[in-house]
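Have a look at the model first, then read on.

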Amino acid sequence: MAEQLILEGKSREERYRELYPQLRALLSVETDRIANLANMAAALRQTFGFFWVGFYLVSERELVLGPFQGDIACTRIPYGRGVCGDAWAQGQTLVVPDVESYPGHIACSSLSRSEVVVPIYDRSGEIMGVLDIDSQEVGDFSEELDRPWLELYVGLLAPLFP
Ligand code: SME
C-alpha cells in the first residue's frame, strides 16, 4: 500500500468520499492501535487542514491524550468535563459551532473556535475514547455533513477496539 493519499475533490464532501476507501485500505494492513490512530489523525488533518485532530482514550475515569496532529494539548479530561468529557458522558457525537458559548469548554488553545467530538465504541457498546477535531473557524462543522462522515470514519477503528 502506497503511503500517499490521492485527493482531487474540491468540496469537503468529495474529500470525505475520496479519503474513506484510502484510509480503510491503509488501516486494514496494520493491527496496531497507536499506529492506526496516528495515521487517521494525520490523514484527516492533511486532507482538510483542520487546526487540531486527535484522540483521547479512556483510562479509568479520565480521557488521556492519544495520537494527534496539531499543537500540544491538555493531557487529561475528566468524565463529563469539556466537550470531550460530555460526548463520553452523553454517549453521542457533539458538534459545537462556537466553543466560546459552550459551558465548560476546555480551551487547550485560544485559537480553537469550533469543535466536533465523536465517541469510539467497543463491541460491547462501551466508549473507549473519542475523536476530537478543532477548527479555527466558527461553525466549521455541521450535523448534516461532518457528523455522519466522521462517525463512519470512526467505524473504521472498530477492529482496534474489540
Ligand atoms: N476542547 C476540548 C479539549 C481538547 S482540545 O480541544 C484538544 C474539550 O472541551 O473537551
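What follows goes from the overall fold to the cores, the ligand site and a few loop residues.

## Overall fold

Keep in mind that this is a predicted model. The protein chain has 4 helices and 6 strands, and along the sequence they come in the order α-α-β-β-β-α-β-β-β-α. With 162 residues, the chain has a radius of gyration of 15 Å, close to the 15 Å from the globule rule, so it is as compact as a globular protein of that length.

Along the principal axes, the C-alpha atoms take up a box of roughly 40 × 35 × 30 Å. Buried residues make up 46% of the 162 in the chain. The protein chain exposes about 8200 Å², with 49% of that coming from carbon and sulfur atoms. Among contacts with a separation of 6 or more, 51% link residues 24 or more positions apart.

In soluble globular proteins, nonpolar side chains tend to be buried together. Here the largest nonpolar core holds 32 residues, and those touching the most other members are Leu23, Met40, Leu44, Leu131, Ile133, Tyr153 and Leu157. At least two residues of this core come from each of helix 1 (12–28), helix 2 (33–48), strand 1 (52–59), strand 5 (114–121), strand 6 (127–135) and helix 4 (146–155). Apart from this core there is another one, of 18 residues, which include Cys74, Ala87, Trp88 and Tyr102.

Beyond its neighbours within four places in sequence, Leu44 is in contact with Leu19, Gly49, Phe50, Val53, Leu131, Ile133, Leu150 and Tyr153.

## Helix 3

Now for helix 3, residues 82–90: it's mostly covered, with 7 of its 9 residues buried. The buried ones are Gly82, Val83, Cys84, Gly85, Asp86, Ala87 and Trp88. After helix 3 comes Gly91, with a positive phi near 65°.

## The ligand site

Which residues are around the ligand? They are Trp52, Tyr56, Ile77, Gly82, Val83, Cys84, His105, Ile106, Cys108, Glu115, Asp132 and Asp134.

A backbone N or O atom of Val83 sits 3.0 Å from a ligand oxygen atom, and a backbone N or O atom of Cys84 is 2.8 Å from an oxygen atom of the ligand. His105 uses its side chain, where an N or O atom lies 3.2 Å from a nitrogen atom of the ligand. On its own the ligand would expose 300 Å², and the protein buries 99% of that.

## Two loop residues

Glu60 is in the loop between strand 1 and strand 2 (62–69). Its phi is positive, about 55°, although Glu60 is not a glycine. Is Glu60 buried or exposed? Its relative accessibility is 74%, over the 50% cut-off, so Glu60 counts as exposed.

Gln136 belongs to the loop between strand 6 and helix 4. With a relative accessible area of 46%, Gln136 is partly exposed. Leaving out residues up to four places away in sequence, Gln136 touches Phe51, Leu111 and Arg113. Gln136 and Leu157 are 21 residues apart along the chain, and their C-alpha atoms are separated by 26 Å.

Definitions and conventions
Residues are numbered from 1 along each chain as its sequence is written. This is a predicted model: local features need pLDDT of at least 70, side-chain atom pairs count only at pLDDT 80 or more; totals for chains, interfaces and linings use all residues. Side-chain values use heavy atoms; hydrogens and water are left out. A nonpolar core is a set of buried Ala, Val, Leu, Ile, Met, Phe, Trp, Tyr and Cys residues joined through side-chain atoms within 4.5 Å. Buried means under 20% relative accessible area, exposed over 50%, partly exposed in between (1.4 Å probe, protein chains only). Contact means heavy atoms within 4.5 Å. A residue is near a molecule or strand if one of its heavy atoms lies within 4 Å of it. A polar contact is a pair of N or O atoms within 3.5 Å; within protein, one must be able to donate a hydrogen and the other to accept it, and residues adjacent in sequence count only if both atoms are side-chain atoms. Accessible areas come from the Shrake-Rupley method with a 1.4 Å probe; for residues, only the protein chains shown count as cover. The radius of gyration is taken over C-alpha atoms; the globule rule is 2.2 Å times the number of residues to the power 0.38.
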